[in-house]
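Student: Please take a close look at one part of this model for me. I would like the contact between the two chains, with some context from inside a chain.

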Amino acid sequence: MRFRATVESVSVFYKITQSVEKLQKRFILKFTPEHLHIICNHEANEGGTQVWSLIKVESIFTDYRIQSNSDNEITMALSSEALLAALRSPTASSVSSSSYQAEDIVMKLAKKNDRAVLRFDIIATTAVGRRAKVSHDVVVDVLKPHEVAKLSEPLCPDPNTHILLPPLHKIRTIVEKLRPMSDILAFRANNNGTLQLAIRTETANVQTEWKNLTNPKLNDDEPPPEEEIDMDKIFTVHVSIRSFLKFLNCHVISKTTIACICENHCLMLYVYIGGHADVGGVLTFYIPAIIDGD
Amino acid sequence: MPTEQPPVLTASVHDLRYVAAILRGVNFHNRATVTVTKQGLTVKVEEARTITAAAWIFADIFDEFIYNPETPTDDDFMRTTQDQEIESSSFEMPLNTVLDCLNIFGTAASSTGTGVGKKGWKKQNQDSDRESGDEEAGGNRVEPLNPNASEKHTGMRLTYMSPGYPLTLLIAEDVVGPTTTCEISTYEPEPYLDFGFDPEKVVLRIILKSSWFRDALSELDPSYDKLTFISNPPEMSDNPMTGKSRRRNPTKPILRIKAGGNFGSTEMDYPNDRDVLESFECMQSVSFSYRFSHIAKSLRAVQSSTKTSLRIDNDGLLSLQFMMPPPKGKENNAESSAFIDFQCLALDDEII
């Protein structure tokens with residue numbers, strides 16, 4: 001089992017980790033020859049939100065070499081906080097006037113005291129021009145093939161509607177104001193560019209509405225639906241406002257986000273990394289519906 | 001209740017920051033009683049039967065203000081300060097929720113909990129007295145969350161149908177952006193606590209720039225529990241009017257603010273200088289103490305105001321009136337300036 005890569009876009013890696021770090025303490029990284037998958041599938045996390053992501057290797061790494069007995073895939077579980085801490089030091093230094101400037105970051109699977117670690121070797125230049133080598137070891141548990149086989153994405157019915165969300169930081173401001181008022185958020189959208197975020201409590205009903213958003217078609221080759229659909233029909237899903245806020249943490253990375261409503265089932269959010277033309281990856285959030293909400 | 005009747009109150013404003021700043025000034029208790037008259041709105045709040053605050057928002061602050069009395073001729077009258085009988089309607093609303101809704105886009109101003117920090121105060125213009133409404137003065141009373149917010153105005157339309165109906169707020173940032181509709185429950189108003197401040201019984205009357213008062217209050221440590229106003233008539237060593245015992249200070253300060261708690265105390269003297277105290281009238285030596293936490297509730301109001309009037313009557317009832325700067329575009333019309341009125345009872349054991 002060999003694994004080694006240069007982290008080229010450390011800030012992208014950092015921001016993705018940051019987006020999912022709040023969700024659960026440990027998450028799964030699955031490296032395949034083409035993709036990096038970040039998986040949060042714990043039942044125990046806040047509200048049962050799951051994240052399945054697929055990121056192209058070349059959007060973060062260069063010099064990527066991977067070798068293993070199971071189709072050259074390596075799957076590991078690790079502490080999100082520890083990974084974040086390891087990535088923070090080179091990220092911070094490239095932005096602020098830190099004590100050193102990272103030049104080269106190599107990530108590799110190594111062994112230390114009989115434990116598997118993900119080692120980050122950072123070659124840096126200090127403020128006075130000296131070369132420095134900083135090394136972070138993040139303890140990981142490499143998953144066995146039968147454990148990996150158990151991982152499966154949640155199954156969802158066909159969504160009722162897809163809608164392109166407004167900038168997430170704007171939604172975040174609004175949802176943060178709603179948070180002290182209610183625990184449950186109603187997420188509504190139709191196929192005609194309308195999105196509504198609403199809460200309903202004893203003291204207040206608050207609803208924010210966007211109009212003229214885009215309803216994208218995910219698959220262009222999909223046959224048109226047989227029966228005529230009502231474009232203005234509003235579909236609703238109730239979700240935990242805290243789970244939704246945790247999803248909104250990924251406003252740091254998101255350029256384009258598409259939300260899909262599966263009524264009475266879940267809210268799915270596709271967060272695209274990178275521009276529209278060259279999508280570097282997508283994070284998929286599944287937020288389960290609260291059925292008896294409202 | 002006839003349903004075809006027009007709403008009791010319809011009001012709209014193109015920039016809600018001014019209204020939000022005034023409401024924030026009295027936001028120390030969640031339940032606020034709103035009284036609507038043709039002249040405007042009064043929002044009253046009380047806590048612990050000891051401190052009351054009222055914000056007066058006049059009708060011409062709004063771009064549109066239509067008041068339809070619910071019962072044209074009824075016993076529902078109220079006496080205003082001008083001793084005129086005018087029609088009014090009142091209801092109670094959860095003030096915190098209203099403010100959260102006004103700030104839903106994060107554009108109403110900085111968050112309500114952080115207004116006391118010294119950092120925010122230093123940014124404030126020392127010369128906040130001038131009656132100009134340019135961009136700087138606008139930023140003086142409300143600090144926008146982000147720099148872009150100062151150019152973008154968030155408009156608001158408020159509707160109140162009649163008793164039993166919710167207060168409806170329609171908030172929009174711009175034409176293309178989202179709109180927020182808030183329906184906020186209203187309640188039957190509780191009788192309002194009136195301390196009956198009598199201007200005839202006033203023993204101390206001071207008008208000063210709010211910045212001088214604000215700076216003094218901001219110096220005080222939050223752990224203090226008591227604040228005392230000490231004042232003496234200028235250049236009068238003794239006052240024959242009262243035979244009661246008085247606190248004697250060797251220097252006979254004309255105005256001293258003294259605050260203390262378990263960990264220490266602070267004393268601040270104001271000079272008898274026209275630049276500091278615009279007007280100063282003291283009939284007799286005065287020393288009244290108040291709970292510091294109560295006085296501190298006025299901080300948010302003093303922060304956004306330009307002038308402060310401080311009056312104390314002979315029972316120690318404190319009245320603090322904060323004049324707010326006139327809204328943008330209406331600088332010449334001093335009538336439309338809102339003000340906030342705080343009244344606070346003195347601590348019993350300190351009454352002379």
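**Inside chain A, then across to chain B**

Tutor: Asp141(A) forms a salt bridge with Arg26(A), and their closest N and O atoms are 2.9 Å apart. Asp141(A) sits in strand β9 (residues 131-142) and Arg26(A) in strand β2 (residues 26-31), so this pair ties together parts of chain A that are 115 residues apart in sequence. Bear in mind that the model is predicted. Over all chains, the rule gives 20 salt bridges. Across the interface of chain A and chain B, the rule finds zero.

Aromatic rings come next. The structure holds 17 aromatic pairs over all chains. One of them joins Phe247(A) and Phe285(A). Their ring centres lie 5.1 Å apart, with 70 degrees between the planes, and the pair is edge-to-face. Phe247(A) belongs to helix α5 (residues 241-248) and Phe285(A) to strand β17 (residues 281-288), so here the parts tied together are 38 residues apart in sequence.

Now the contact itself. Chain A brings 16 residues to it, and chain B brings 18. Between them the chains bury about 1300 Å². Carbon and sulfur atoms account for 53% of that area. On the chain A side, Lys177(A), Thr203(A) and Asn205(A) lose the most area to chain B. Together these three make up 35% of what that side buries.

As for the elements involved, α4 (168-178) and β13 (204-210) of chain A each give two or more residues to the side that touches chain B. β13(A) gives the most, with seven residues. By residue class, that side of chain A divides into seven nonpolar, five polar and four charged.

Technical notes
Residues are numbered from 1 along each chain as its sequence is written. Chains are lettered from A and ligands numbered from 1 in the order in which they are written. This is a predicted model: local features need pLDDT of at least 70, side-chain atom pairs count only at pLDDT 80 or more; totals for chains, interfaces and linings use all residues. Side-chain values use heavy atoms; hydrogens and water are left out. Contact means heavy atoms within 4.5 Å. Buried area is the accessible area (1.4 Å probe) that two parts lose on being put together, summed over both. A salt bridge is a side-chain nitrogen of Lys or Arg within 4 Å of a carboxyl oxygen of Asp or Glu. Helices (H or I, at least four residues) and strands (E, at least two) are DSSP runs, numbered from the N terminus. Ala, Val, Leu, Ile, Met, Phe, Trp, Tyr, Cys and Pro count as nonpolar, Asp, Glu, Lys and Arg as charged, and the others, Gly among them, as polar. Rings of Phe, Tyr and Trp (its six-membered ring) pair if their centres lie within 6.5 Å; planes under 30 degrees apart count as stacked, over 60 as edge-to-face and the rest as tilted.
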